[in-house]
Amino acid sequence: MQQFEVNPIVALKLGSYDISFTNSALFMVLSAALITVFLVYSTRGRALVPGRWQSMAEMSYEMVANLLRDNVGSAGRQYFPFVFTLFMFILFGNIIGLIPGTFTFTSHIAVTFAMAIVIFLAVTVIGFVRHGAGFLRLFFPHGAPLWTAVILIPIELVSYLSRPISLSVRLFANMVVGHVLLKVLGGFVVMLGLFGVFVLPVLVSIQALELLVGALQAYVFTILTCIYLHDAIHLH
């Protein structure tokens, strides 16, 4: 489990608080830098017939734009920069973490929960700003008999409050399980020596699967964010 340890690179103290620059923070900064380089480099030519890099950038843009349009509608356009940044940040964090010797910051519940709670608070604020006290109708479906309020309101409230937990745990758990599996199988390959050649194809297959899981988890995190935005803007 050493691959999940957060270690300080530059020790810093602010009073009694430890604000050291850690390996987790390093790879967050690295992910942000690589995203910037990728988007700037791939779009600087603005070719009519896009090349490989420009196509990947445009596909990423279109996918997130379609998610917002399909789940939120035209009202979601103003939130595109945030949602697109969120998707790219998680995607690059997941992919970079598959490179040996790197650190997967999305495998820490503190990181995924921080992102989830920001989304939860932002969506809640958006809901109250747009609807005022009418946002509370989200916890009692329109058309439901009044007598069911005693049952439905607590259920809807618990469901709403559990969103940041489910959103963060889903990403965190998938990253941890996949990386532990890779580490265990990688250890078997080394222990088997020459016979490890027979196990190596399995490890390569799992590595490819983990790459797919990383992309899928970024997609799931993003689409759930869009669904939460839909609820805040349109209610039920």
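This is a predicted model: local features need pLDDT of at least 70, side-chain atom pairs count only at pLDDT 80 or more; totals for chains, interfaces and linings use all residues.
Residues are numbered from 1 along each chain as its sequence is written, and side-chain values use heavy atoms, with hydrogens and water left out.

**Whole chain.** Show everything as a cartoon to begin. Helices (H or I, at least four residues) and strands (E, at least two) are DSSP runs, numbered from the N terminus. Of the 236 residues, 39% are buried, meaning under 20% relative accessible area with a 1.4 Å probe, protein chains only; exposed is over 50%, and partly exposed lies in between.

**Helix 1 and helix 2.** Next, select residues 23-43 and residues 52-71. These two helices pack at an angle of about 115°, with axes 8 Å apart. Axes are lines fitted to C-alpha atoms, for helices over the stretch in contact, and angles run from 0 to 180 degrees between N-to-C directions. Now show side chains: Phe-38, Leu-39, Tyr-41, Ser-42 and Thr-43 from helix 1 meet Trp-53, Gln-54, Met-56 and Ala-57 from helix 2. That set splits into six nonpolar, three polar and no charged residues, counting Ala, Val, Leu, Ile, Met, Phe, Trp, Tyr, Cys and Pro as nonpolar, Asp, Glu, Lys and Arg as charged, and the others, Gly among them, as polar.

**Helix 3.** Move on to residues 80-96. Helix 3 is largely enclosed by the rest of the structure, because 13 of its 17 residues are buried.

**Leu-98.** Click on Leu-98, in the loop between helix 3 and helix 4 (109-131). Is Leu-98 buried or exposed? It's buried, with a relative accessible area of 10%. Leaving aside neighbours within four places in sequence, Leu-98 is in contact with His-179, Leu-182, Gln-207, Glu-210 and Leu-211. Try the distance tool too: the C-alpha atoms of Leu-98 and Gly-214 are separated by 9.1 Å, though the two are 116 residues apart along the chain.

**Gln-217.** Last stop: pick Gln-217 in helix 7 (residues 200-234). Gln-217 is buried, at 8% relative accessible area. Which residues does Gln-217 contact, leaving aside its neighbours within four places in sequence? Show Asn-94, Arg-170, Leu-171, Asn-174 and Met-175.

Note on methods:
Contact means heavy atoms within 4.5 Å.
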